[in-house]
Amino acid sequence: MLFLSLLILVSVLAFYKDWQVFLFDEEFARLQGIAVNFYHYFLYVLVTVCIILLIRVVGIILVLALLSAPAASASLCSGHFKSRLFLSVLFSFLFSFLGLWLSYTLDISSGACIVVFAFCIYTLLLGILRKRA
């Protein structure tokens with residue numbers, strides 16, 4: 001599992017500039033000579049590997065929450081691609097760690113606690129950032 005996780009991390013870091021162009025505008029990437037079809041299918045492979053790794057670790061319901069809640073929370077906090085990636089990883093770690101700690105402290109189900117914690121933080125961020133705007 002560690003090898004596959006490192007493969008995902010290295011792939012994102014190695015192809016960061018091409019990913020940024022490809023994910024922002026596929027037609028522009030094609031005009032720049034970037035192998036759009038390669039990145040398209042490579043993205044599918046990386047997402048599939050990520051989902052398989054997560055299912056083996058935490059289960060299907062928690063996978064859906066850990067794929068969507070950190071990315072949604074990060075998109076509320078930043079408009080830049082690089083900072084969204086970083087914040088998404090940070091939120092994922094925080095949701096998991098603090099949700100596990102809370103479930104241990106309260107002696108409740110860890111998966112449900114992580115999901116509820118992620119939802120609460122997202123809702124809190126949504127309320128705070130809406131009041132600012």
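Okay, first the housekeeping. What we have is a predicted model, where local features need pLDDT of at least 70, side-chain atom pairs count only at pLDDT 80 or more, and totals for chains, interfaces and linings use all residues. Residues are numbered from 1 along each chain as its sequence is written, and side-chain values use heavy atoms, with hydrogens and water left out.

So, the overall picture. The chain has seven helices and zero strands, with helices and strands taken as DSSP runs (H or I, at least four residues, for helices; E, at least two, for strands) numbered from the N terminus. Its C-alpha atoms fill a box of roughly 55 × 40 × 20 Å along the principal axes. Of the 133 residues, 25% count as buried; buried is under 20% relative accessible area, exposed is over 50%, and partly exposed is in between, with a 1.4 Å probe and protein chains only. If you take contacts (heavy atoms within 4.5 Å) between residues at least 6 apart in sequence, 43% of them join residues at least 24 apart.

Now, the cores. A nonpolar core here is a set of buried Ala, Val, Leu, Ile, Met, Phe, Trp, Tyr and Cys residues joined through side-chain atoms within 4.5 Å. The largest one has 11 residues, among them Ile8, Trp19, Phe22, Val36 and Tyr39. Helix 2 (16–24) and helix 4 (36–58) each put in at least two residues, and helix 4 has the largest share, with six. Look at Val36: leaving out residues up to four places away in sequence, it touches Phe22, Glu26, Ala29 and Arg30. There's also a second, separate core of seven residues, including Ala69, Leu87, Phe91 and Leu125.

Val57 sits in helix 4 and counts as exposed, because its relative accessible area is 55%. Val57 and Met1 are 56 residues apart in sequence, yet 9.7 Å apart in space, C-alpha to C-alpha.

On to the rings. We pair Phe, Tyr and Trp rings (the six-membered ring for Trp) if their centres lie within 6.5 Å, calling planes under 30 degrees apart stacked, over 60 edge-to-face and the rest tilted. How many aromatic pairs does the structure hold? There are 14. Phe15 and Tyr39 make an edge-to-face pair, 5.7 Å centre to centre with 80 degrees between the planes. That pair links distant parts of the chain: Phe15 is in the loop between helix 1 (2–14) and helix 2, while Tyr39 is in helix 4, 24 residues away. Phe15 is partly exposed at 28%, whereas Tyr39 is buried at 5%.

Then there's Phe38 with Phe42, which are stacked at 5.3 Å centre to centre and 10 degrees between the planes. They are four residues apart in helix 4, so about one helical turn separates them. Phe15, Trp19, Phe22, Phe38, Tyr39 and Phe42 form one aromatic cluster.

Last stop, the lining of the largest pocket. Which helix gives the most to that lining? That's helix 6, with 11 residues. Helix 1, helix 2, helix 4, helix 5 (60–77) and helix 6 (81–106) each supply at least two.
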